[in-house]
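Me: Please examine the structure shown below, and let us discuss its sheet and the relation of its chains.

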2 protein chains.
Amino acid sequence: MNQEYPSALLEKAVSEFGKLPGIGRKTATRLVLHILRRKEEEVTAFADSIVRLKREAKYCRECHSISDTDICPICSNPLRDHSVICVVENIQDVMAVENTMQYRGVYHVLGGVISPMDGVSPGDLHIDSLIERVATGEVKEVILALSSTMEGDTTNFYIYRKLTQYNIKLSVIARGISVGDELEYADEITLGRSIINRTPFTGKTI
Amino acid sequence: MNQEYPSALLEKAVSEFGKLPGIGRKTATRLVLHILRRKEEEVTAFADSIVRLKREAKYCRECHSISDTDICPICSNPLRDHSVICVVENIQDVMAVENTMQYRGVYHVLGGVISPMDGVSPGDLHIDSLIERVATGEVKEVILALSSTMEGDTTNFYIYRKLTQYNIKLSVIARGISVGDELEYADEITLGRSIINRTPFTGKTI
């Protein structure tokens with residue numbers, strides 16, 4: 001789009017917003033003009049929150065999740081079960097699992113999955129530090145909660161090979177029909193897996 | 001969603017992003033975590049562009065469009081026809097008309113339309129300054145290019161009554177079937193108007 005902006009300041013702000021994922025030039029213009037209508041202190045607060053996050057946010061020394069302190073609130077919580085580690089790709093996934101209220105262990109954020117196509121090799125991920133945590137002997141179970149993709153499966157297998165020498169339980173989150181889904185519309189691979197990995201029925205629904 | 005953020009800095013930035021129109025909490029989290037992965041100088045540039053825009057952007061003394069100078073590039077351009085004023089609601093509309101490459105006159109940005117429901121009265125809009133521009137006697141035509149809504153029509157009528165005493169041509173942009181649209185799917189009001197306002201056919205397609 002060969003759009004001529006009446007102001008270089010406007011154009012600059014729009015182009016900065018346009019760098020965000022999923023924000024095109026039109027949406028960026030709309031967002032920037034919305035910001036322009038707000039009070040100066042509100043705009044400064046918005047800008048400050050981003051710069052402060054970037055400058056001051058830390059990554060937990062234990063699990064590599066984002067944190068305001070050296071050790072994140074989950075890793076430093078004595079009520080959590082430190083013998084169970086849930087391995088996830090990123091911080092959003094930590095929040096997603098936390099939202100389920102079904103997990104009381106701790107986490108390990110890999111920072112991605114092995115993906116030769118995107119140039120991500122095992123060395124780019126926090127896999128070594130996971131092995132170090134397991135090597136302390138204090139870990140009883142590692143739950144692999146990565147995406148159900150080729151890259152996720154590759155990463156699962158890589159970690160499996162690295163951890164197989166340790167006396168721990170290694171599990172992977174269940175893959176099957178989503179709760180609320182109708183069988184008719186499920187893809188055959190998911191349905192196939194859900195039959196292979198069927199679980200004993202105890203008469204209770206989830 | 002009762003989402004617990006592992007960092008107060010993260011939560012603050014997400015809540016600031018969530019104030020933008022059309023950005024929910026989930027999208028805000030995605031955008032903020034994307035920003036967190038960028039270099040510090042990129043993040044600062046992003047934040048600076050917004051604060052600078054808010055602090056330094058001016059509004060053109062003539063047409064009230066955004067500008068880096070007291071008079072915007074369009075109003076100060078001697079090649080534009082200053083005897084024709086196109087009245088629009090906001091800055092986006094100036095850019096939209098400019099993109100058509102069909103207009104060589106100047107603009108007047110009202111800053112909205114009359115909307116008693118939203119508490120917007122004529123006094124809140126740049127209508128007086130439009131009348132002042134017309135009163136100089138240098139304007140030959142005013143083109144009303146407001147939204148085709150009840151509020152747009154009300155504003156058109158209000159401006160019409162204010163300008164009727166001056167010896168100028170007052171026109172409104174054509175309303176009809178959009179180029180590329182099929183009649184079958186057009187709403188009946190638009191179709192009705194497009195029949196009433198039919199234009200002489202000269203054998204040329206647009």
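Reply: Two strands are taken as paired if DSSP finds at least two bridges between them. The model under discussion is a predicted one.

Me: Which strands stand at the edges of the open sheet in chain B?

Reply: The open sheet has four strands with parallel pairing, in the order β4-β3-β5-β6 (chain B). An edge strand has a single partner strand, so one side of it is left without a neighbour in the sheet; in chain B this holds for β4 (105–109) and β6 (169–172).

Me: At about what angle does helix α4 of chain B run to β4(B)?

Reply: Helix α4 of chain B comprises residues 91–100. This helix lies across β3 and β4 of chain B, and its angle to β4(B) is about 160°.

Me: What relation do chain A and chain B have, and which C-alpha of chain B is nearest the axis?

Reply: Chain B is superposed on chain A by a rotation of 180° with 0.0 Å of shift along the axis, at an RMSD of 0.1 Å. That is the relation of a two-fold axis. The same surface serves both copies, as 98% of the contact residues of chain B recur in chain A. In chain B, the C-alpha nearest the axis lies 2.3 Å from it and belongs to B:Ala47.

Definitions and conventions: Residues numbered from 1 in each chain as written. Chains lettered and ligands numbered in written order. Predicted model: local features only at pLDDT ≥ 70, side-chain atom pairs only at ≥ 80, totals over all residues. Heavy atoms only, no water. Helix = DSSP H or I, 4+ residues; strand = E, 2+ residues; numbered from the N terminus. Contact = heavy atoms within 4.5 Å. Axes fitted to C-alpha atoms, helices over the stretch in contact; angles between N-to-C directions. Least-squares fit on C-alpha atoms with pLDDT ≥ 70 in both.
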